[in-house]
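Reader: I am new to this structure. Could you take me through part of it?

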Amino acid sequence: MEKDLIETRRFYHKIAEPAWMEFKTTINIIKDLRSLGIENISYGRKIHREDLIFGRPSNEKIKAYKESFDLEADFDTKEILEGYTGVIAEIDTQKPGKTFGFRFDIDAMPIRESQSVTHKPFKEGFISENPFAMHACGHDGHLSIGIFLAKWIMENKEKLTGKYILIFQPGEEGLHGGKSISESKYIQDIDYFFGAHIGMGLPSGKVGVGTTGFLASTKLDVIFRGHASHASALPEEGKNANLAAASALLNLETLAKHSKGMARINVGVIRGGTARNAISDEAMLKMETRGASHEVNDFLVKRSGEVIKGSAIQYDLDYEIKIAGQAPSIDQANYKFYDEIDSLLKTKGFDTIKSPDFKASEDVCYFINKVNEKGGSAIHFIFGSDLKAGHHNTAFDFDEKTLTTGLNVFKECILYLNKNGKS
């Protein structure tokens, strides 16, 4: 089992694809699930809420990528190749019981993978074949655990009760995809929900139970529009978008403080102008806010909007702000459930640490909040793993033994919740 699990992870590592372009990834996940005998598999437009899709690439970019390869499938892939990626599989035991939900993110980072001889994927021949994408955060491991969990459920279907919904979510990086799927009709009435992440500061062998410290976040794309002019001959006719972007950048960085918890603002990209002797008529910022709670993050978003508006007024420009991604914090953590699962895993020999601090944002929180609000029980794990380089680094790689640990954690949770009269 471990060997097959590692081989699957390496296969998906090679076909790394960024948000909304996980074409090969989605199609191969469907093939793998169908090979297990799972019949109820949903994908395409119907698993998404169209109005809640964030950060979709341009149609030109999607078209160029899908035309760069040939991939055969005996099912309709049209909507997948239009950018409606992701998969939802349902396994129904046909016996009364609870509904279990599991979420696995499937997208890669939009970065080029290291080709250093010390980088294991390069050295052993499973480096990303796409120069514009790399699994630099472990999602190849997450989705592989999901496939093998589906395999185990199918093999043990007669012994289990209830329903099992496995969500293979696109676009976690940049917080693009969670909201869309979490609000679809397929994610309703889940009694027990599980999510997880590999690494995140915990060493191999450790299992973080009931992750805390998820930061609410909003990703914003800002565009300033002015008027181009010759910088020397007619400077008075120009309206300089670069000046507004620069002014906004400096002032935005002063906002990251709040008495009610952690607050963060970062402008990661600033871009503008086309020539050194022309006044720039367009400039853009790619930025993010993060807060320990919705209240803190909403404050930062509001104040950011005011700073951006002020910069536009200062230089007599038009401006536009687009939401490129979002994630909430956890509204009400179910600590009683965390304690219960921690006790279970300890008795099974797992080396656990309760309520580790995530210190970042994750759109899995949409699912966690939804389940908790409806009276279910939701939990997130960190599967500790010794990393060769940090998350989002071009030389990222994790300890592949972590895959088996993660799979076994999910198995034990299912068995426990079935056997103890809870399902």
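Author: A definition comes first: helices (H or I, at least four residues) and strands (E, at least two) are DSSP runs, numbered from the N terminus. Two strands pair if DSSP finds at least two bridges between them. The model is predicted, so to speak of local features requires pLDDT of at least 70, side-chain atom pairs count only at pLDDT 80 or more, and totals for chains, interfaces and linings use all residues. Residues are numbered from 1 along each chain as its sequence is written, and side-chain values use heavy atoms, with hydrogens and water left out.

Reader: In what order do the strands of the open sheet come?

Author: The order is E10-E12-E8-E13, with antiparallel pairing. Strand E10 (263-272) and strand E13 (318-327) are the edge strands, each pairing on one side only.

Reader: How many bridges join E10 to strand E12?

Author: Nine bridges join E10 to strand E12 (residues 282-291). Among the residues involved, Gly272 has Ala283 in E12 as its bridge partner.

Reader: Which strands does helix H7 touch?

Author: Helix H7 (residues 241-252) packs on the sheet and touches strand E8 (216-225), E10 and E12; contact means heavy atoms within 4.5 Å. The direction of H7 makes about 15 degrees with that of E12. Axes are lines fitted to C-alpha atoms, for helices over the stretch in contact, and angles run from 0 to 180 degrees between N-to-C directions.

Reader: And where does helix H8 lie?

Author: Helix H8 (residues 294-314) lies across E8, E10, E12 and E13, at about 160 degrees to E12.

Reader: Changing topic, which residues does Ala360 touch?

Author: Ala360, in strand E15 (residues 357-360), touches Gly213, Phe214, Leu215 and Arg290, leaving aside residues up to four places away in sequence.
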